[in-house]
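Dear colleague,

Here is the structure I promised to pass on to you. Please have the sequence and the model open beside this message as you read.

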Amino acid sequence: MEIKVVRKILEASIRVAEANRRILKERDIRSFNFIGSPGAGKTSLIVKIIEKLKKYYRIAVIEGDLATVRDAEVIAKTNVPVVQINTEGACHLDANLVGKALEELPLESIDILFIENVGNLVCPTAFDLGEDIKIGVLSVPEGDDKPEKYPVIVKASKGIVLNKIDMLPYFKFDKERFYSPIRKLAPDMPVFEVSCETGEGIDEFVDWIISKIRKEEAR
């Protein structure tokens, strides 16, 4: 009996994710789901992307957090629409929560939706929110072993960002150890070394985001 209940919940979640995807697709909105540990720099990265793209695209953000609105307050300073989801302890966003957040956004006036998931390298990878692309965000201070210890983030993502490379001189970080499991799991995975502090590598990552947007537009 319990198995049937779980299956129904999962099936319902899949249906809601498909509904979210349909809503976004009908309005030609491209969506990116950023997944990473607390402190990896997801919010700072999204701010940098917004600064680069808001002249050309209409952007909105859904922020996921356990309890606070701090990240949403940071995003709000960029003057783009933002909705905060507080999961009240849940370690990931789900399609139903994102669907509710979509109701609060001016969807007819949006080209790109960025979703910042709750800080976690495991749980968010398992949930389809209806987004187009998942992006894994890792950082130098977290250590060079994260792709090996958390292969699900590599398997689920279409692109990996290694943030805070300005901190490389201050941490023992073996790039070969970082890249080796990525090459084994996803040989063609694009990896972007960036620093939201210095701006290094941000343009290359933004160019990749634009290429994904244009690829969808060409379909």
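This is a predicted model: local features need pLDDT of at least 70, side-chain atom pairs count only at pLDDT 80 or more; totals for chains, interfaces and linings use all residues.

Residues are numbered from 1 along each chain as its sequence is written, and side-chain values use heavy atoms, with hydrogens and water left out.

Two or more lining residues come from each of α2 (42-53) and β2 (59-65) (helices are DSSP runs of H or I with at least four residues, strands runs of E with at least two, numbered from the N terminus).

Helix α2 has 12 residues and reaches 16 Å from its first C-alpha to its last, close to the 16 Å expected at 1.5 Å a residue (the expected span being 1.5 Å times one less than the number of residues). Among its buried residues are Lys 42, Leu 45, Ile 49 and Leu 53 (buried means under 20% relative accessible area, with a 1.4 Å probe and protein chains only).

**Strand β1 and its partners**

Strand β1 (residues 30-36) is largely enclosed by the rest of the structure, because 7 of its 7 residues are buried. Arg 30, Phe 32, Phe 34 and Gly 36 point one way from β1, while Ser 31, Asn 33 and Ile 35 point the other way. The strand runs parallel to β4 (residues 112-116), to which 5 bridges join it (pairing needs at least two DSSP bridges), and Arg 30 has Ile 112 as its bridge partner there. A parallel pairing over 5 bridges also links β1 with β5 (residues 133-139), where Phe 32 stands opposite Ile 133.

**Two serines**

Ser 139, in strand β5, is buried at a relative accessible area of 2%, and its side chain makes a polar contact of 2.8 Å with that of Glu 142 (a pair of N or O atoms within 3.5 Å, one able to donate a hydrogen and the other to accept it; residues adjacent in sequence count only if both atoms are side-chain atoms). Ser 157, in the loop between α6 (151-156) and β6 (159-163), is buried at 6%, and a polar atom of its side chain lies 3.2 Å from the backbone nitrogen of Gly 136.

With best wishes

Key. Buried means under 20% relative accessible area, exposed over 50%, partly exposed in between (1.4 Å probe, protein chains only).
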